[in-house]
Amino acid sequence: MSNHNISFHRKSPEELLKQIEKLKRGKLKIYIGSAPGVGKTYRMLTEAHELQKENIDVVIGLVETHGREETAALIPGLEQLPLREVTYNGKVYNDLDVDAIIERDPEVVIIDELAHSNMPGSFNEKRYEDVQKILEHRINVITAVNIQHLESLRGVVRELTGVSVRERIPDSILDAADEVLLIDVTAETLQKRLKEGKIYKKEKIEQSLENFFTTKNLSALREIALREVADDVDDKADKKAARLRAAMMNEKILVCIKNDANAEKLIRRGFRIADRLRSELFILTAIDRNLSELPEQIQKEYKEWQELAEQFHAHFLVEPIQERKISQVITDVANQKHITQIILGQSVKSRVEELAKGSIVNAIMRQTDGVDIHIVANSRKS
């Protein structure tokens, strides 16, 4: 694991407290791949052997070889902790045993598949939550995940590849990592590995080449991964300066959503802008009646948006319309919260309708001063 020299020179009390808290935790190292089969698990196990040679106490908490012989060949010689048996629907499954790791108390533990969902009945719903608990016991963790599992990229990945990723991790996990390393191979190399049976079994090869493992998809995911890791490195190197700039500029982002398929995309886009600027994020939706009076399915959607906003550390605002126009609701909130940037979805009104009824964007511009407005294109219909 990498060592960091820690200086307390000119740090605010809040920064000092955060730094002291971090000293109480283990360090987190994440290997990121653009797609399955790039060699993340192989690299983790190789590093484990290197650490062992340096007399560092390293163990395997859980690895998934997916039948890959080259990866499996690296397991002998490393201590493997027992897995926890979980019974679900009459079948027995093996999963990460967090308590066994904490009791063993190694210096470093290898834990694969960070975005994995735990079996029903487990103490934590997600594996990344297991990792967070282990880190709290001052145990260093080396783990791996593919770029498509990052929460804020869900919409981007779906539009580029047509795949909706079910298992995801919060962006805050990546942000909290002490080290993030990209395992990068070209689309051609990955397809070659797939054809050679080094990623999936023979019966899945043809289907994978025609769907997820197309050259277009793999190239797009590789570009996203390269950019994301580069941004993460830049953020970590310049985080203090970014926070100072945000404080001086006092940037505040307002994302306006309505009950349509574009809502999640807008929330994620807003988070990525706010995260880059290190600014405060607000998510606004306006309703014409009490939330409890809305149909159950719509209430469920509002709850999901609120949970997503909370994951992104955003303020979720539900505003009653109360005979106001939507543009007035938005500008009222923008003025109250001193918003500097507003993010809206693309209008579905025709040009004729906008001329007759007026444009929301023009109305907001008339009623606010010094506010930038971003228009996000609607999601493509599948």
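How many bridges join β2 to β6, and in which sense do these strands run? In this predicted model, 4 bridges join β2 to β6, and the two strands run parallel. The pair belongs to an open, parallel sheet of 6 strands, while a further open sheet of 5 strands is also parallel in its pairing.

**The six-stranded sheet**

- The strands of this open sheet follow the order β3-β2-β6-β7-β1-β8, with parallel pairing.
- Its edges are formed by β3 (79–80) and β8 (179–183), and because each has a single partner strand, one side of each is left without a neighbour in the sheet.
- Strand β2 (residues 58–62) is joined to β3 by 2 bridges, in a parallel arrangement, and within this pairing Val-59 stands opposite Glu-79 of β3.
- Towards β6, the bridge partner of Val-59 is Val-109.
- Strand β2 is largely enclosed by the rest of the structure, because 5 of its 5 residues are buried.

**Helices on the six-stranded sheet**

- Helix α2 (residues 40–53) lies across β1 (28–33), β2, β6 (108–111), β7 (140–146) and β8, and its direction is at about 160 degrees to that of β7.
- Helix α5 also packs on the sheet, where it touches β1, β2, β6 and β7 and makes an angle of about 180 degrees with the direction of β6.
- Arg-127 is located in helix α5, which spans residues 127–136.
- Is Arg-127 buried or exposed? Its relative accessibility is 1%, which falls under the 20% cut-off, so Arg-127 counts as buried.

**The nonpolar cores**

- The largest nonpolar core holds 63 residues, and within it Ile-30 and Ile-134 touch the most other members.
- Helix α10 (residues 215–237) supplies the largest share of this core, with 5 residues.
- Leaving out residues up to four places away in sequence, Ile-30 touches Leu-114, Thr-143, Val-145, Ile-173, Leu-174, Ala-177, Glu-179, Val-180 and Leu-181.
- A second, separate core consists of 21 residues, among them Ile-257, Leu-266, Phe-271 and Ile-287.
- As general background, nonpolar side chains in soluble globular proteins tend to be buried together.

- Strand β12 (residues 341–345) pairs with β13 in the parallel sense over 5 bridges, and the bridge partner of Ile-342 in β13 is Ile-373.
- Helix α16 lies across β12 and β13, and runs at about 165 degrees to β13.
- Helix α14 (residues 326–336) packs against helix α16 (residues 360–367) at an angle of about 35 degrees, the axes being 9 Å apart, and this crossing is right-handed.
- On the α14 side the contact is made by Ile-326, Ser-327, Gln-328, Ile-330, Thr-331 and Asn-335, and on the α16 side by Ile-360, Ala-363, Ile-364 and Gln-367.
- Sorted by class, the contact between α14 and α16 comprises 5 nonpolar and 5 polar residues, with no charged residues.

Notes: Residues are numbered from 1 along each chain as its sequence is written. This is a predicted model: local features need pLDDT of at least 70, side-chain atom pairs count only at pLDDT 80 or more; totals for chains, interfaces and linings use all residues. Side-chain values use heavy atoms; hydrogens and water are left out. Axes are lines fitted to C-alpha atoms, for helices over the stretch in contact, and angles run from 0 to 180 degrees between N-to-C directions. A crossing is left-handed if the near helix is turned anticlockwise from the far one by less than a right angle, and right-handed if clockwise. Contact means heavy atoms within 4.5 Å. Ala, Val, Leu, Ile, Met, Phe, Trp, Tyr, Cys and Pro count as nonpolar, Asp, Glu, Lys and Arg as charged, and the others, Gly among them, as polar. Buried means under 20% relative accessible area, exposed over 50%, partly exposed in between (1.4 Å probe, protein chains only). Two strands pair if DSSP finds at least two bridges between them. A nonpolar core is a set of buried Ala, Val, Leu, Ile, Met, Phe, Trp, Tyr and Cys residues joined through side-chain atoms within 4.5 Å.
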